[in-house]
Amino acid sequence: MKSAEEPLPGSAVSPPERKAARPRRKRRVLIVTVVSIALVALLGMGAWLGYLILGFDSEAEGFTGWLAEATMPGKQVPAPTPEEIRIMDAIEAGADPSDPDISSLPTPLIATYGDLLIHCPILPRDLTEIEFHQASYDTALSMTPLLTIVDTDETMERHGTNHIPWEDQPYGNVPLIAEAVSTWRLDSVGDENTSVDVGAVAGTVVYAPITGTVVKIKTYSLYGLLDDYEIHIQSPDHPELDVIVLHIDNLMIKVGDEVIGGCTRIALVRDMGYIIDSNLMNFTMPPDPGNHCHVQVNDATREDYPGLVGALDIFDGRGYARPEAPAVEE
């Protein structure tokens with residue numbers, strides 16, 4: 001017979017007896033948990049010490065920059081580098097952030113016509129030579145070169161002007177630091193400096209020389225030997241002027257597009273050297289054939305000026321567009 005103090009089968013166990021009956025595995029779980037927390041803490045401390053010692057941060061310059069961020073209230077933005085400032089200025093001026101040459105944009109100026117700024121249509125690093133000359137017809141207007149005009153004969157003898165490294169060139173609304181020649185062509189009827197040939201190898205990117213709207217694109221036959229394009233751009237401030245770019249292909253713009261001077265890609269330099277003897281080749285280093293793009297400013301007010309026939313009218317009848325012909329002639 002069982003004692004009165006001995007619990008009957010199936011009866012409840014007293015609290016002291018339950019404590020004695022707890023499985024030892026609970027202690028093991030507790031130990032494992034404590035050890036895991038300690039390991040995580042140690043790993044975190046190690047990572048922090050490594051970061052502190054190395055001081056690397058994509059947005060700070062070494063340990064000094066990191067320490068400045070860590071000790072100042074709020075996140076401290078490091079000062080931009082000159083290259084970053086240049087890129088930000090280019091984007092603000094209208095350059096495409098995806099342009100691989102954005103750090104060289106906007107291109108500097110090569111000439112003006114009154115207050116109209118004419119940017120170099122070629123990146124300074126891609127320039128060969130620059131030649132101002134007479135246009136083929138007398139509706140072109142004389143530009144004011146912003147470059148140093150040097151002796152033509154001497155430039156022909158040494159096949160080139162003096163250049164500074166392109167990395168040292170300015171950008172934006174300041175003149176290109178370069179030399180150029182100004183020639184007089186007996187077979188042309190325009191005045192002095194009514195056009196400019198900006199040299200580069202065939203296939204080089206051509207940038208818009210002015211800020212404005214593409215009002216017309218036309219094909220024509222160059223000297224009856226080569227099909228070429230005319231791109232007509234008008235400044236919103238100058239309905240009386242029509243700026244054209246020649247000797248290009250692989251167009252990157254269309255009629256109606258707005259372009260930014262020295263920032264917007266418009267075409268590539270056409271390869272004419274295998275067909276036409278360019279006068280620019282007299283000043284470039286052989287065997288360069290003198291490929292280039294051509295820029296000129298035209299007087300759109302002349303009744304005999306055909307350039308804006310068929311052009312887009314961006315001045316609502318207050319300009320000199322004559323829209324009765326098609327805008328693009330193939």
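User: Which distance separates the closest N and O atoms of R265 and D101?

Analyst: A salt bridge is a side-chain nitrogen of Lys or Arg within 4 Å of a carboxyl oxygen of Asp or Glu. This is a predicted model, in which local features need pLDDT of at least 70 and side-chain atom pairs count only at pLDDT 80 or more, while totals for chains, interfaces and linings use all residues. Residues are numbered from 1 along each chain as its sequence is written, and side-chain values use heavy atoms, with hydrogens and water left out. R265 and D101 form a salt bridge, and their closest N and O atoms are separated by 3.3 Å.

User: How many residues apart are R265 and D101?

Analyst: Strands (E, at least two residues) and helices (H or I, at least four) are DSSP runs, numbered from the N terminus. R265 belongs to strand β15 (residues 265-269), whereas D101 is in the loop between α4 (82-93) and β1 (109-113).

User: Is D101 buried or exposed?

Analyst: Buried means under 20% relative accessible area, exposed over 50%, and partly exposed in between (1.4 Å probe, protein chains only). R265 has 25% relative accessibility and counts as partly exposed. D101 has 12%, so D101 counts as buried.

User: Which residues are linked with R265 in a network of salt bridges?

Analyst: Side chains of opposite charge can pair when their charged atoms come close. By the salt-bridge rule, the count comes to ten. The network that contains R265 also includes D99, D101, R125 and D126.

User: How many residues apart in sequence are the parts that D249 and R270 tie together?

Analyst: The side chains of D249 and R270 meet in a salt bridge of 4.0 Å, N to O. D249 lies in strand β13 (residues 248-249) and R270 in the loop between β15 and β16 (292-299), so the parts tied together are apart in sequence by 21 residues.

User: What is the relative accessibility of D304?

Analyst: D304 meets R302 in a salt bridge (2.8 Å, N to O). R302 is partly exposed, with a relative accessible area of 25%. D304 counts as exposed, because its relative accessibility is 51%.

User: How many disulfides does a search of the whole structure find?

Analyst: A disulfide is a pair of cysteine sulfur atoms within 2.5 Å. The cysteine sulfur closest to that of C120 is in C293, at 7.6 Å, which is too far for a bond. C120 is also buried, at 0% relative accessibility. For the whole structure, the number of disulfides found is zero.
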